[in-house]
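These are my notebook entries on a few places that I looked up in one model. Each entry records what I found there.

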Amino acid sequence: MGLKYVEHVKTAILWLLVVLSIFLTFSIWTYTPSYPTIQKAPVVDISIADRKRINEVVKPYKMVFSLKDGLSGTTSFPQVERVLGVMKDWEIRNLSLVSNNLSPAELNEYSLTTNRFTMIYPTEIPFAVYDNIIPFTSTNIPGDGFDRMIVDWNRPEDDELTVYFASSISKQLYSAKVTKVDPQQFQEKVLTPAADFTKYTHVDRNGQLTMFVPTEEIASIRYTYILRDVPPARFKDALFDNPNKVRRSFVGTYNEEYSDDTALLTVDSLDRTLSYVYPAAESDVPGIAHELVFDSMDFVNEHEGWTDDYRLVGINPATQKVDYQLFLLGYPVFSDMTSTTISTYWGTNRIFRYIRPYFTLDLSLPSETDAAILPSGVEAAQLLEQVESVEEVKASGLTVGYYLTRDDERGLLNLEPSWFYLANGIWSRLTPETIGGGAFGLE
């Protein structure tokens with residue numbers, strides 16, 4: 001081959017290399033890798049049941065009216081709600097401390113004075129919490145609280161009333177003025193119906209608080225509900241920061257545990273209760289009562305954990321514990337077969353411990369519903385005297401409630417109307433058969 005042809009071949013190869021280089025460069029610049037489509041992580045639904053507002057969990061369990069012809073009272077849910085509905089439009093002014101050493105006799109007198117009604121709460125309610133129910137005009141609300149609110153209506157035609165806030169625990173008494181009262185509405189929805197409430201009497205108790213009780217037998221109803229459980233795995237999804245990293249294990253016959261490196265959720269399938277603990281948040285620093293209520297409410301609301309009608313019944317700043325009791329139709333529910341209380345323990349900037357039932361009252365069975373008659377409050381108070389003499393306790397409360405039992409074979413919850421008394425922070429069932437035993441509820 002001549003030199004001329006060799007040069008032509010070299011030139012052709014050179015051009016081929018140039019074209020190939022351009023093609024490869026262009027391919028690199030325009031190349032888009034075929035990555036697999038990235039799927040979004042599934043969003044965990046942490047909603048359990050419902051959210052609640054302060055006015056839905058802070059309620060009196062009894063109202064007593066001191067009328068000219070005697071006492072009347074109620075624990076009826078519709079009647080209490082009607083009065084609370086009138087009061088929500090009020091405004092509280094000029095709150096001032098009257099006494100730091102209120103005796104039981106003085107508190108009794110405040111409630112028994114004619115033209116007053118008393119709302120009795122199951123625990124001391126901080127003023128800062130009540131400000132979310134009936135607003136205070138002052139921005140400097142004291143850190144104290146009350147368990148009895150006494151409204152004076154000596155002049156019901158006025159648009160201003162006098163109100164007293166008393167604590168049987170701290171022995172403090174505050175007075176205030178209530179404004180924005182609609183006199184006609186107050187007369188029609190509060191005073192007129194009160195005349196037809198159940199007739200009450202007061203049981204005086206040797207230097208203790210008077211007990212206000214109905215004078216006649218009480219017609220009530222036994223209920224049976226279908227038992228429905230909220231799957232504990234839903235609480236796992238709600239309580240852990242990353243549910244996908246939670247480990248599940250079984251402990252014995254009835255217990256299972258969910259855990260990660262920070263927290264532990266224990267489920268007792270026999271009692272239908274669960275206990276969540278976040279050890280790093282444990283604190284021995286006392287809490288502030290109203291902050292504990294707000295923090296515990298926010299915590300349960302975050303996962304919409306109000307499975308039934310639960311109400312505030314206890315605040316212990318020393319242990320940072322807040323208790324919410326199960327209620328049915330305005331009456332507390334107690335049991336020795338399961339828990340009927342949601343308890344929260346606040347810690348350092350977050351929840352430390354959370355103990356609660358995971359069942360819920362689903363549907364009432366009309367076929368299983370039955371009428372029941374309870375003894376009068378006077379008879380219950382007489383029976384209570386026997387209990388006190390046997391157990392050497394001093395009761396501070398007496399109320400009608402429901403005693404809950406489970407029928408696991410049929411998947412039912414039975415609720416029996418009963419009298420209960422409060423002694424040393426514990427509610428106990430009051431029947432002739434249970435004198436000397438049968439404590440339920442909370443400490």
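Entry one. I looked up the side chain of Ser-335 and found one of its polar atoms 3.5 Å from the backbone nitrogen of Thr-338. Ser-335 belongs to the loop between β17 (331-334) and β18. I noted Ser-335 as buried because its relative accessibility is 6% (buried means under 20% relative accessible area, exposed over 50%, partly exposed in between, with a 1.4 Å probe and protein chains only). Strands (E, at least two residues) and helices (H or I, at least four) are DSSP runs, numbered from the N terminus.

I noted that the model is predicted: local features need pLDDT of at least 70, side-chain atom pairs count only at pLDDT 80 or more, and totals for chains, interfaces and linings use all residues. Residues are numbered from 1 along each chain as its sequence is written, and side-chain values use heavy atoms, with hydrogens and water left out.

Entry two. I then turned to Thr-344, which sits in strand β18 (residues 341-346). Thr-344 has a relative accessible area of 2%, so I recorded Thr-344 as buried. Leaving out residues up to four places away in sequence, Thr-344 touches several residues, including Phe-299, Val-322 and Tyr-354 (contact means heavy atoms within 4.5 Å).

Is Arg-116 buried or exposed? I found Arg-116 buried, because its relative accessibility is 10%. Arg-116 lies in strand β4 (residues 116-126), and its side chain reaches the backbone oxygen of Tyr-110 at 3.1 Å. Beyond neighbours within four places in sequence, its contacts include Phe-65, Trp-153 and Tyr-164. I also noted that the C-alpha atoms of Arg-116 and Val-163 are separated by 9.1 Å, although these residues are 47 apart along the chain.

Last, I examined how helix α3 (residues 77-87) packs with helix α6 (residues 183-194): the angle is about 155° and the axes are 10 Å apart. Axes are lines fitted to C-alpha atoms, for helices over the stretch in contact, and angles run from 0 to 180 degrees between N-to-C directions. I therefore recorded α3 as roughly antiparallel to α6 (under 35 degrees counts as roughly parallel, over 145 as roughly antiparallel, 65 to 115 as roughly perpendicular and the rest as oblique). Arg-82, Val-83 and Val-86 in α3 meet Gln-185, Lys-189, Val-190 and Pro-193 in α6.

Terms used: Polar contact = N/O pair within 3.5 Å; in protein donor to acceptor, adjacent residues only side chain to side chain.
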